[in-house]
Amino acid sequence: MKSRLLKIMTAKNLTASNLAKMLMIQPSNVSHILSGRNNPNLQFIQKLLSAFPDLNPRWLINGEEPMFASENVQQTQESLFPEQILDIHQPEIQPEISIEENCSVQAEQPVGEILNPNPEKKISRIVIFYSDRSFVDYRPE
């Protein structure tokens, strides 16, 4: 853990006293961990992860690469779905149900009736995820 703490300080260009100020702890706590006298406690690890949200908790605790979680995000985003699903402009991918062809939308009609092709089942929740990682959660009344 000592070596990983040193790597964090090097990567973030911090001194032991600067790190202590950021974590709002006594500088002696950091120096005792760096000297090997003490092991970091849970509170120290939680403060460290809160101060550096891009830090990979598995790396911090177990030494599992990568050091920063953001290094792993790009790999995960690329491998979640095949390219053909991500490209919505490909003509060979057709939706199973076209809302325009199968529904006549009226202003008073609830969203659940418009989007639900199977009336035997009720829609309980619709979540829309945006590219900026925000989302909207709709629940029919």
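Visitor: Which residues in H1 meet Ile 33, Leu 34 and Ser 35 in H3?

Guide: This is a predicted model, and in it Lys 2, Leu 5, Leu 6 and Met 9 are the H1 residues that meet those three.

Visitor: How many of the residues in that contact of H1 with H3 are nonpolar, polar or charged?

Guide: Five are nonpolar, one is polar and one is charged.

Visitor: And at what angle do the axes of H1 and H3 cross?

Guide: Roughly 125 degrees, and the axes come within 8 Å.

Visitor: OK, new topic. How many residues does the largest nonpolar core have?

Guide: That core has 20 residues. Leu 5, Ile 8, Leu 19, Phe 44, Leu 48 and Leu 55 have the most contacts inside it.

Visitor: Which elements give two or more residues to this core?

Guide: Five helices do: H1 (2-11), H2 (16-23), H3 (27-35), H4 (42-51) and H5 (57-62).

Visitor: What is Leu 55 in contact with, leaving aside its neighbours within four places in sequence?

Guide: Leu 55 is in contact with Ile 8, Leu 48, Leu 49, Leu 60, Met 67, Phe 68 and Ala 69.

Visitor: Is Phe 129 buried or exposed, and why?

Guide: Phe 129 counts as exposed because its relative accessibility is 65%, and the cut-off for exposed is over 50%.

How values were computed. Residues are numbered from 1 along each chain as its sequence is written. This is a predicted model: local features need pLDDT of at least 70, side-chain atom pairs count only at pLDDT 80 or more; totals for chains, interfaces and linings use all residues. Side-chain values use heavy atoms; hydrogens and water are left out. A nonpolar core is a set of buried Ala, Val, Leu, Ile, Met, Phe, Trp, Tyr and Cys residues joined through side-chain atoms within 4.5 Å. Buried means under 20% relative accessible area, exposed over 50%, partly exposed in between (1.4 Å probe, protein chains only). Helices (H or I, at least four residues) and strands (E, at least two) are DSSP runs, numbered from the N terminus. Contact means heavy atoms within 4.5 Å. Axes are lines fitted to C-alpha atoms, for helices over the stretch in contact, and angles run from 0 to 180 degrees between N-to-C directions. Ala, Val, Leu, Ile, Met, Phe, Trp, Tyr, Cys and Pro count as nonpolar, Asp, Glu, Lys and Arg as charged, and the others, Gly among them, as polar.
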